[in-house]
Amino acid sequence: MEVIVTTFLNPHKFWVFEVNNLNQRNRLERRLAHGDFPRISAPSLGQLALVYKETKWHRALVLSETAPFSCWLVDYGVDHTADSVYEILPEFACTPPLTKKASLNDVVGLHRDCTPTGVQNVGEITFSPGSKKRTNDYLGTAEKVLFTCVKEIGNTHVGEITIITSKISLELSEILIKEQVLIRDPIMFSKAFKMNGDAKEFALLKTSPCNPKMSHDHFDNEPFLGVGRGCSRTSQHTLSPNRSVLSSSEIDDNVKDSPYSDSDLISSSSQLSNNTHLSDNNPKRLTIKKKLEEFLANKSAEVETNSLGNGEVSGLNNELEETTSSQENHESRELMRKHLLNNCSCEQCLGWSEGNFYYNARKKINEVKMKNHRPVKPELLLKTEETSGVPVKIKSSYSSHCGKIERSVKPTVLVHSTTVLTPATSITAAPFHKDIHKALRSYEHVYSIQGYVWPAVMRHLNICIIGKRNSGKTLAYLPGICSFELERQERYSDLPKRTVSPISLLLCPGIEVAEKVYHLVLKLLKDASQKSYVALAVPPVDKYSLNQFEKRVDILVATPVTLLSLLSSRIITLKRLCHLVIEKANVVLERFKKETEEVLNVVQSMLSHRNCNYTVQMILTSEKWTYSIENLSKSLHITPIVCISSYLEAAMYGRVDINVQFLEGKAKIGALIKILKGKSDICRSIVICNTDDEIKEVKQYLLIAGINCLYITEDMEMVEINNIESAWQKNNWGKTFGSFLYGKCVQL
């Protein structure tokens with residue numbers, strides 16, 4: 001049916017108006033024009049009433065109890081705000097709404113997840129803003145929109161949208177799936193629809209069905225029966241959504257138009273009757289023969305019914321195998337292939353004709369299992385001689401949703417990676433496990449560095465986090481590690497099970513840091529729905545500490561020396577390791593250089609012998625960017641993401657030439673002029689002073705030295721500062737400017 005999409009909220013919640021109902025709506029409005037309706041002083045929520053808009057009366061659903069009233073025009077499918085609402089007469093209230101709430105069928109949102117086995121398209125129950133915008137773009141370019149209703153869920157019409165333009169006709173769901181905006185997932189659709197399509201205020205609006213014989217789905221239907229062609233749904237309805245009962249005259253017409261001639265049908269029947277093995281007096285064989293003849297006749301007439309599907313055909317085949325020899329089976333299959341399958345050469349029909357109605361499905365399943373269980377080597381942690389010379393392209397990431405002014409006020413994070421990252425703007429936007437979200441409810445503030453690290457951790461990327469003390473570095477990775485722990489059964493099912501090995505290993509430089517991290521892990525997992533085994537291994541290692549490793553350990557917090565002691569005594573192994581974190585990496589790599597190298601070599605050797613495609617994620621945290629961290633980052637096989645929230649450490653990362661001189665007050669101006677003198681024609685410089693008097697003094701010396709400058713003092717108005725900023729950015733006279741700031745730093 002041709003429709004107009006009046007309001008689109010998401011692919012599971014939009015409203016359509018049938019073009020055929022246009023005359024009915026006009027008649028209804030003409031009838032309403034002659035009525036006299038009393039005003040409702042205190043309407044109730046969800047009440048059906050009338051509103052007056054553009055010289056016409058419109059039926060509306062009241063969505064607020066106070067004026068101005070938010071209303072939903074049930075015959076137009078749009079929002080409206082009215083100062084007054086009026087009582088509707090029963091004769092007008094009984095007419096069903098002319099707009100229908102609709103949803104696309106079996107599609108959900110798509111999320112590209114970077115896993116150890118590669119990037120995968122994963123369905124999610126929410127839709128991204130991009131998917132909604134893309135859908136609206138297609139609907140906006142359509143010259144005609146067709147909606148085919150497949151089923152009804154409650155009061156929602158579920159189906160497919162066809163977009164027709166002057167050049168092409170497109171199935172909206174298919175084109176969005178092809179563009180990787182949506183993904184088809186019938187199982188996840190039920191959960192996603194309940195969340196995205198929820199509209200309790202519209203529950204009382206019972207719209208007329210698109211088809212009186214349409215099936216109503218409440219997600220409690222029985223599963224499909226049969227394999228391949230002809231599978232039928234076992235439910236209370238005998239008709240599929242797009243089929244209707246054929247009359248006897250229509251069946252006769254179909255038989256006349258059938259590509260099979262009468263001679264073919266007679267010859268097939270004669271071949272059956274001439275087969276001595278099938279035409280004896282065995283009652284069971286006679287029954288099978290009768291069913292076979294009926295099936296051939298129905299197939300030749302091309303009557304679409306669900307009375308005999310693959311399930312019954314396969315059952316018939318099993319009965320034939322029990323009552324006839326292999327030669328008889330071959331003859332029967334050749335006969336049915338000729339007439340029933342019309343010599344079709346598709347995979348299903350060929351498989352059936354070779355002796356299996358299920359087209360060798362079991363053989364295919366075994367082949368897929370063998371293929372999936374073929375050992376696949378994971379990515380190594382460190383580079384080898386073959387991969388050491390591979391060039392890497394580094395990209396910079398920044399928060400695109402912030403404007404220029406907002407970015408200048410918010411703390412800036414330097415983010416370099418091989419892929420562009422989109423930061424999480426809030427805790428709820430981070431893709432953590434639901435139990436971790438509950439544990440993070442007490443945390444309101446999101447540090448700037450955490451917004452970038454959270455998505456990167458969940459995408460299983462290597463990360464190097466550099467920031468000052470108390471800048472949120474530990475909580476930048478721990479929620480993700482704990483989420484992996486709670487999802488271990490789904491994520492790490494192929495890891496070896498008969499060994500005591502942590503999935504996540506957290507190396508700390510000392511006891512104090514290790515205990516702090518350990519208690520923070522316990523806090524995040526305190527109210528989790530499943531039990532997790534978290535162990536702390538710090539000196540001294542006593543019997544109580546060793547008892548932690550009797551059964552298993554999922555997360556291990558340890559120092560490098562203690563870890564090597566446990567490994568050398570074979571108390572634990574690293575065969576299940578998937579996440580390696582080095583807390584305060586600058587200290588660990590400096591104090592425990594030898595021990596850290598041994599641990600990395602053990603991990604490298606383990607990965608070279610691992611027979612499942614799970615690599616090890618490396619996460620480094622540090623207050624400083626050092627050469628040891630730089631060398632370790634360069635040695636990793638997968639280039640890590642570098643996130644730096646400290647301006648000074650970002651300068652060290654960028655190899656800025658820093659020259660520090662300690663001088664007396666009188667010698668400062670001379671040293672300054674000496675620094676700027678040779679650079680006045682090359683680059684611009686900023687000089688920060690302590691007082692306004694110092695600014696004026698330095699300004700005079702710079703002008704005497706022939707160096708052009710701009711200056712800002714504390715008593716300047718904002719207009720003057722803006723003019724100086726404009727000159728700083730656009731003026732071409734002079735290459736060097738001195739900006740002298742007192743008190744708070746003003747960014748130009």
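Modeller: Let me start with the words helix and strand: helices (H or I, at least four residues) and strands (E, at least two) are DSSP runs, numbered from the N terminus. What you see above is a predicted model, in which local features need pLDDT of at least 70 and side-chain atom pairs count only at pLDDT 80 or more, while totals for chains, interfaces and linings use all residues. Residues are numbered from 1 along each chain as its sequence is written, and side-chain values use heavy atoms, with hydrogens and water left out.

Biologist: Thanks! How many helices and strands does the protein have?

Modeller: Let's begin with the whole chain. Of its 748 residues, 43% count as buried, where buried means under 20% relative accessible area, exposed over 50% and partly exposed in between (1.4 Å probe, protein chains only). Counting the DSSP runs gives 27 helices and 26 strands.

Biologist: Among contacts between residues at least 6 apart in sequence, what percentage join residues at least 24 apart?

Modeller: A contact here means heavy atoms within 4.5 Å. Among the contacts in the protein between residues at least 6 apart in sequence, the share that joins residues at least 24 apart is 69%.

Biologist: Can we look at an example? How far apart in space are His111 and Leu182, C-alpha to C-alpha?

Modeller: Find His111 in strand 10, which covers residues 107-115. His111 is partly exposed, because its relative accessible area is 35%. In sequence, 71 residues separate His111 and Leu182, yet their C-alpha to C-alpha distance is 8.7 Å.

Biologist: On to the helices: are helix 15 and helix 16 roughly parallel or roughly antiparallel?

Modeller: The axes of helix 15 (residues 448-458) and helix 16 (residues 474-486) come within 8 Å and cross at roughly 25°. Axes are lines fitted to C-alpha atoms, for helices over the stretch in contact, with angles from 0 to 180 degrees between N-to-C directions. Angles under 35 degrees count as roughly parallel, over 145 as roughly antiparallel, 65 to 115 as roughly perpendicular and the rest as oblique. The crossing angle therefore makes helix 15 and helix 16 roughly parallel.

Biologist: Which residues of helix 15 meet helix 16?

Modeller: On the helix 16 side, the partners include Leu475, Ala476 and Tyr477. The helix 15 side is made up of Gln450, Val453, Trp454, Val457 and Met458.

Biologist: How many nonpolar, polar and charged residues does that contact of helix 15 with helix 16 have?

Modeller: Ala, Val, Leu, Ile, Met, Phe, Trp, Tyr, Cys and Pro count as nonpolar, Asp, Glu, Lys and Arg as charged, and the others, Gly among them, as polar. Sorted this way, the contact has 10 nonpolar, three polar and no charged residues.

Biologist: Is Gln450 buried or exposed?

Modeller: Gln450 belongs to helix 15. Beyond its neighbours within four places in sequence, Gln450 is in contact with His445, Pro455, Gly472, Leu475 and Ala476. Its relative accessible area is 3%, so Gln450 is buried.

Biologist: Now for rings. What is the distance, centre to centre, in the aromatic pair of Phe37 and Trp57?

Modeller: The structure holds 10 aromatic pairs; rings of Phe, Tyr and Trp (its six-membered ring) pair if their centres lie within 6.5 Å, with planes under 30 degrees apart counted as stacked, over 60 as edge-to-face and the rest as tilted. Phe37 and Trp57 are edge-to-face, with 75° between the planes, and their centre-to-centre distance is 5.1 Å.

Biologist: How many residues apart in sequence are the parts that this pair, Phe37 and Trp57, ties together?

Modeller: Both Phe37 and Trp57 are buried. Phe37 sits in the loop between helix 1 (22-33) and strand 3 (39-40), and Trp57 in strand 5 (residues 56-62), so the pair ties together parts whose separation in residues is 20.

Biologist: Where is Asn470?

Modeller: Most residues other than glycine have a negative phi, and most peptide bonds are trans. Asn470 has a positive phi of about 60° although it is not a glycine. At 62% relative accessibility, Asn470 counts as exposed. Its place is the loop between strand 20 (463-466) and helix 16.

Biologist: And which peptide bond is cis, with omega near -5°, from an alanine to a proline?

Modeller: The proline is Pro68, found in the loop between strand 5 and strand 6 (69-73). The cis bond runs from Ala67 to Pro68.
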